[in-house]
Amino acid sequence: MSNLIRGIHHIALKCRGTAEFEKAVAFYRDVLGMPVVRSWGEGENAGIMLSTGSGLMEIFANAADAPGQGAIRHFALATGDVDACAKAVEAAGYEVFTQPNDIVIGSVPPFPARIAFCHGPVGEEIEFFQEK
């Protein structure tokens with residue numbers, strides 16, 4: 001059987017208007033330092049793609065209402081410094097609801113990591129994940 005999937009291309013966030021869009025872009029671009037790959041449109045038609053290093057985050061300004069929490073509970077961003085991510089997020093006024101800590105995922109073989117969780121600007125849950 002061939003491997004049809006090569007990885008995650010992008011994560012998409014839908015913002016409710018330009019104010020929420022601008023807040024989300026500032027968080028991911030300015031607080032977390034994700035570079036802009038491309039952007040388009042203005043106002044309610046605005047969109048942007050930011051690089052995660054191994055994929056993209058796409059942010060739209062045109063969501064009509066607040067989405068409920070679906071099957072995806074959070075997404076994890078790979079990092080070499082969980083503590084620095086948590087400090088940057090807190091310095092920008094966002095809640096880190098799981099402070100940086102070391103874990104071992106009880107898999108075979110065991111999978112050690114350092115993690116932290118925060119809420120993003122549009123209510124999304126973000127995990128900062130550092131493989132050990």
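Asp83 and Arg114 form a salt bridge through their side chains, with N and O 2.7 Å apart. The two residues belong to distant parts of the chain: Asp83 sits in helix α2, residues 82–91, and Arg114 in strand β7, residues 111–119. They are 31 residues apart. The model is predicted.

Look at how each partner is placed. Arg114 has a relative accessible area of 16%. Buried means under 20%, so Arg114 counts as buried. Asp83 has a relative accessible area of 27%. That value lies between 20% and 50%, so Asp83 counts as partly exposed.

Which other residue forms a salt bridge with Arg114? Asp102 does, and the closest N and O atoms are 3.1 Å apart. This pair also links distant parts of the chain. Arg114 is in strand β7, while Asp102 is in strand β6, residues 96–105. Here the partners are 12 residues apart.

Now widen the view. Asp83, Asp102, Arg114 and Lys132 are linked in a network of salt bridges. Side chains of opposite charge can pair when their charged atoms come close.

Turn next to Glu20 and Arg16. Their side chains meet in a salt bridge, at 3.0 Å from N to O. Is Glu20 buried or exposed? Glu20 is buried, because its relative accessible area is 15% and the cut-off for buried is under 20%. Arg16 has 42% relative accessibility, so Arg16 is partly exposed.

Finally, the total. The count of salt bridges comes to 5. Among them are Asp83 with Arg114, Arg114 with Asp102, and Glu20 with Arg16.

How values were computed. Residues numbered from 1 in each chain as written. Predicted model: local features only at pLDDT ≥ 70, side-chain atom pairs only at ≥ 80, totals over all residues. Heavy atoms only, no water. Salt bridge = Lys/Arg side-chain N within 4 Å of Asp/Glu carboxyl O. Buried < 20%, exposed > 50% of the residue type's maximum accessible area, 1.4 Å probe, protein only. Helix = DSSP H or I, 4+ residues; strand = E, 2+ residues; numbered from the N terminus.
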